[in-house]
Structures are given as C-alpha cells and as structure tokens.
Amino acid sequence: MAAGVQRNTKQRRAIQEVFRAAERPLSPEEILERARVHVKGIGQATVYRSIAGLLSDQFIVPVDIPGHPSRYELAGLKHHHHFACMGCGRVFELEGCPYNGETDVPRGFTVTGHEVILYGRCDHCQGAA
Ligand SMILES: [Zn+2]
Ligand SMILES: [Zn+2]
C-alpha cells in the first residue's frame with residue numbers, strides 16, 4: 001500500500017509540474033501527453049483522478065468554453081481571457097482585457113464579473129483551412 005501511495009504522489013507531482021509549465025489551458029488528453037514525459041505508464045484514469053484532486057485543492061480551475069470539453073489552468077493567474085481555435089480545438093491564453101466595463105446594465109444591477117472568449121483559427125491552423 002505504501003508503494004501505491006508513493007506512486008500516486010509521484011504522478012500527482014508530475015501533473016502539478018505540467019500545469020506549472022503550461023503556456024495555455026490544457027485538456028485531459030494534453031495533460032496526459034505531457035505527464036507521460038515525466039512518468040512513464042501514467043494512464044488517463046490517474047489523470048482524471050488527479051484533476052479532481054487538484055480542483056478540490058484549488059490548485060487548478062476549469063476553463064469552460066461552450067461546445068468544448070473543459071480545459072484546466074493554474075488557479076490564481078492574473079485576470080485574462082481565452083482564444084479558442086476552431087481548427088485544432090486548442091485554447092490559448094490572451095493577455096489583458098478588452099472589456100472596459102461601460103456596458104449598461106439595468107438600474108439597480110451590479111456587475112461582479114465577466115467572460116470574454118474569442119474564437120478563430122490559430123497561426124498553425126490558419127494555412128490549413
Ligand atoms: Zn489551431
Ligand atoms: Zn476581462
């Protein structure tokens with residue numbers, strides 16, 4: 001049993017490492033692919049289990065793009081938005097915020113947050129259309 005726990009810890013650390021190094025939100029498949037570089041033989045079930053654990057520890061947060069499976073990124077990143085590529089399905093992180101807060105809301109309403117998702121084609125998919 002001790003060996004099993006140790007193995008899980010190693011796998012979970014590898015997945016944390018993947019998130020720390022990630023330049024954009026990752027799907028479970030992308031997490032698996034990258035975790036395999038650190039831990040040979042790691043499986044999809046372990047990745048899903050680790051994602052659930054890291055979510056409940058608030059180490060990562062989901063990035064939900066309508067029509068796409070959830071992606072995940074480190075929690076607590078600076079305010080930013082995402083670009084979803086309709087070609088390859090990858091989701092990219094955008095710097096800054098295009099929303100200036102000037103949208104009128106009904107009288108008595110208070111805005112406490114917003115989401116902006118840009119859709120398009122990434123540089124890689126641009127030529128492949
Ligand atoms: Zn693309
Ligand atoms: Zn914003």
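The lining of the largest pocket comprises 6 nonpolar, 5 polar and 3 charged residues (Ala, Val, Leu, Ile, Met, Phe, Trp, Tyr, Cys and Pro count as nonpolar, Asp, Glu, Lys and Arg as charged, the others, Gly among them, as polar). The model is predicted: local features need pLDDT of at least 70, side-chain atom pairs count only at pLDDT 80 or more, and totals for chains, interfaces and linings use all residues. Residues are numbered from 1 along each chain as its sequence is written, and side-chain values use heavy atoms, without hydrogens and water.

A pocket is an open set of points on a 1 Å grid over the protein atoms alone, where a 1.4 Å probe fits, with protein on both sides within 12 Å along at least five of seven lines; lining residues have an atom within 4 Å of a point. In the largest pocket, 14 residues form the lining. E73, H80, H81, H82 and E115 lie nearest its centre. Strand β1 gives the largest share, 3 residues (strands are DSSP runs of E, at least two residues; helices are runs of H or I, at least four). Domain 1 (2-74) and domain 2 (81-126) both contribute to this lining, so the pocket lies between them; the bounds come from an automatic or database domain assignment.

The zinc ion (ligand 1) is coordinated at 2.3 Å by the SG atoms of C85, C88, C122 and C125 (donors are N, O and S atoms within 2.8 Å of the metal, or 3.2 Å for Na, K and Ca). C85 lies in strand β3 and C125 in helix α4 (residues 123-126), so the pair ties together parts 40 residues apart in sequence. Both C85 and C125 are buried (under 20% relative accessible area, 1.4 Å probe, protein chains only).

Notes: Chains lettered and ligands numbered in written order. Buried < 20%, exposed > 50% of the residue type's maximum accessible area, 1.4 Å probe, protein only.
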